[in-house]
Amino acid sequence: MASNAGYSHRDPMLKKRDDFEDILEERRTSSDLRYGLRCYTPAPYKGVTPCHSGLLKSMVLQSDQLTYVIRQISKETGKATADVQEEASAILEEMAHSLQLNTVRFFAFSLCKVFKTLFKSICVNEEGIQRLQQAIQEHPVVLLPSHRSYMDFLLMSYLLFTYDLSLPVIAAGMDFMGMKVIGEMLRMSGAFFIRRSFGGDQLYWTVFSEYVRTMLKIGYAPVEFFLEGTRSRTAKSLTPKLGLLNIAMDPFLKGEVYDVHVVPVSISYERILEETLYARELLGIPKPKESTSGLFKARKVLSEDYGSIHVYFGQPVSVRSLAEGRVNRRQFNLLPRHIPTRPGEDVQSFVSDSAYKLVRLQEENMVLKPWVLLASLLLQNHHQNQDQGMAVDQLTEQALWLRDVSRQYGAFLHWPDHIAPSEVVSSSLSLHGGLVRLCEGRVHLAVEQAGPSSPGEAPSPVTPEEKLLNQAVVLLSCASYRNQALHVFLRPALLASALHTAASTQKHEVFNSFSFLRNIFSNEFILCPGATVQDFEEACFLLVKTGVLQVTQHEVLVTESGHRTLSFLTNMLDPFLQGYQVVCRFLCEEATDTLTEKEFIPAVRKFIIKHLLAGSLRYTEVLSSDLQKNSLAALLRLGAVQKIKGADQETLKVDTVMVNSLEDTLGGKLPTQKAVAARL
């Protein structure tokens, strides 16, 4: 008899989420100019009037820590202290924002026009706004939005202005500063510009960290940055970058503030503006350089419909509560606060674990639109049936089945139940008309019409490789929408795949297989370090709850009714499995002793294109450079590949025996016994 004992997980269906309000509804019936010029009186931190940006810079330059580092650099380099001070001042001048309300008002007015043109609605959870308002008045606040589009940071400032909250200061890349006029306008709207890499520059790091810390210590404004570091081109969450989070937590850890509140924000787009641009980047076509002229050339997007945006402001997370029992803050009393120290292992581990938790909170509150489910189904059908497509009725039926499954798994799904399912499907297909085509009642992915030919022109002759890459743009664009649901299905999908590769149905064998897959994919997906057992139990809980598995004390058994769900889950993970396999095959068959990391992506892409054209690979998605980079990172982490320092550059040394073994295991080539069906 199956036992469900031991699964004490909180049912994800019971998670309560706030309702949404469409902020564009009022904007469509009132004056944009009046909106931009309206009275703006945000309640500041502890009622203290924020200081001017010039005074903020003076506080940074006169801080004890920066003064100490300037003296140290002067001693080490022999430079005059005044010269190093001047360098620090120049760095800060280049970096710092110069927030001006008039510029913010101009952006508010302009963005009203743009948003009403591009989007049907921008929906915000107003309860989250109320929680944020209270947090800003009581604590230093860090805003952590998800990052899927350039639109994110404009949208965040627009929303805070709309709700009369303190405008955030936003960490932005230096490439934006190079945009004439627009760069300075962003600076005057609260952006501060930082280099992508500091290259061990101690002075730059100190100026930057002291600038952020000072803003938090005095409650100058909410500090906003993207925990993932850059936009996700695949719509999957990226492995968090810890540098800025470390700095943001530092004032609390050193006892300079009582607490810091971190607010994860989930921004969900029904249709992403950069959809095709991202797909091309993943295929090796460089992204256009940020420029004002490029911005104006992109005006044609204003003629398109991008559906709705949902923005969910999560519960503020107290750093004090997170650190309780994890970090001994007494260690920071051993040295004066102004002397820079490298964080101890306990602090590094705490910041890393917190970062993963915060990204998971972002994921949990991402709103999935019907198209996410449709794209998942259409991709799987395309890989199985190629050009046959799906009947609209069949697609609708499968979408309803998947809607119910995803809700049971705790997905935050925005499926309008008051509208007929056929209309929901039809509306979604219409919005994403560039990715699908309807022909004789069947829906196909638009891979045949993919290509850059202009309207009215006969398509120019293309080589098989060009045709493949044009098709890949459509497939990678669809995959980016499918990826939005991966966090919902990931753990059950890992378990479903583990059942296929495990040596038997014995629970410990299935767990070992699950653990292997989870480990190898930990660069690909957000999987919290040290949570393997918890993830396995969560996957078991969900699949038992939905009648897919029976789990006894010693065995994991598939039910008669569970095969449909297991098939969907394994198909969802298969492109990633094949992507890692083909990278292993490339490294064993074609990697030379002189292969560098820079040469790896172009070389593996060429290898994959050859095999796709030969028909020996099923998934065009394996052309994604993101997947290739992640697979190499996993092999480096596992020690199957090593970086060897040479006279001029690092090369990649491949352990072919280990890489071959990993490829076999990923392909399920171990002696396996398929999961036995349990008779219920």
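Q: Does lysine 46 count as buried or exposed?
A: The relative accessibility of lysine 46 is 57%. This is a predicted model, in which local features need pLDDT of at least 70 and side-chain atom pairs count only at pLDDT 80 or more, while totals for chains, interfaces and linings use all residues. Residues are numbered from 1 along each chain as its sequence is written, and side-chain values use heavy atoms, with hydrogens and water left out. Because buried means under 20% relative accessible area, exposed over 50% and partly exposed in between (1.4 Å probe, protein chains only), lysine 46 counts as exposed.

Q: Where is lysine 46 found, and what is its phi?
A: Helices (H or I, at least four residues) and strands (E, at least two) are DSSP runs numbered from the N terminus, and lysine 46 is found in the loop between helix H2 (32–37) and helix H3 (53–61). Most residues other than glycine have a negative phi. Lysine 46 is not a glycine, yet its phi is positive, at about 50 degrees.

Q: Which side chains make a polar contact with the side chain of arginine 231?
A: Arginine 231 has its place in the loop between strand E6 (223–224) and helix H12 (243–253), and with 4% relative accessibility it counts as buried. A polar contact is a pair of N or O atoms within 3.5 Å, where within protein one atom must be able to donate a hydrogen and the other to accept it, and residues adjacent in sequence count only if both atoms are side-chain atoms. At 3.1 Å and 3.4 Å, the partners are the side chains of tyrosine 150 and glutamate 274.

Q: How are helices H6 and H8 oriented to each other?
A: H6 (residues 101–118) and H8 (residues 151–162) pack with their axes 10 Å apart at about 110 degrees, where axes are lines fitted to C-alpha atoms, for helices over the stretch in contact, and angles run from 0 to 180 degrees between N-to-C directions. Angles under 35 degrees count as roughly parallel, over 145 as roughly antiparallel, 65 to 115 as roughly perpendicular and the rest as oblique. H6 and H8 are therefore roughly perpendicular.

Q: How many nonpolar residues has the contact of H12 with H16?
A: The axes of H12 and H16 (residues 345–364) come within 11 Å and cross at roughly 120 degrees, which makes H12 oblique to H16. Contact means heavy atoms within 4.5 Å, and the residues making it include Leu245 and Met249 of H12 and Phe350 and Val351 of H16. Ala, Val, Leu, Ile, Met, Phe, Trp, Tyr, Cys and Pro count as nonpolar, Asp, Glu, Lys and Arg as charged, and the others, Gly among them, as polar. Beside two polar and no charged residues, the number of nonpolar ones is eight.

Q: Which residue has its backbone nitrogen 3.0 Å from a polar atom of the side chain of glutamine 578?
A: Glutamine 578 lies in helix H24 (residues 563–589), and at 16% relative accessibility it counts as buried. Not counting residues up to four places away in sequence, glutamine 578 touches Leu617, Arg618, Tyr619 and Val622. The backbone nitrogen at 3.0 Å belongs to tyrosine 619.
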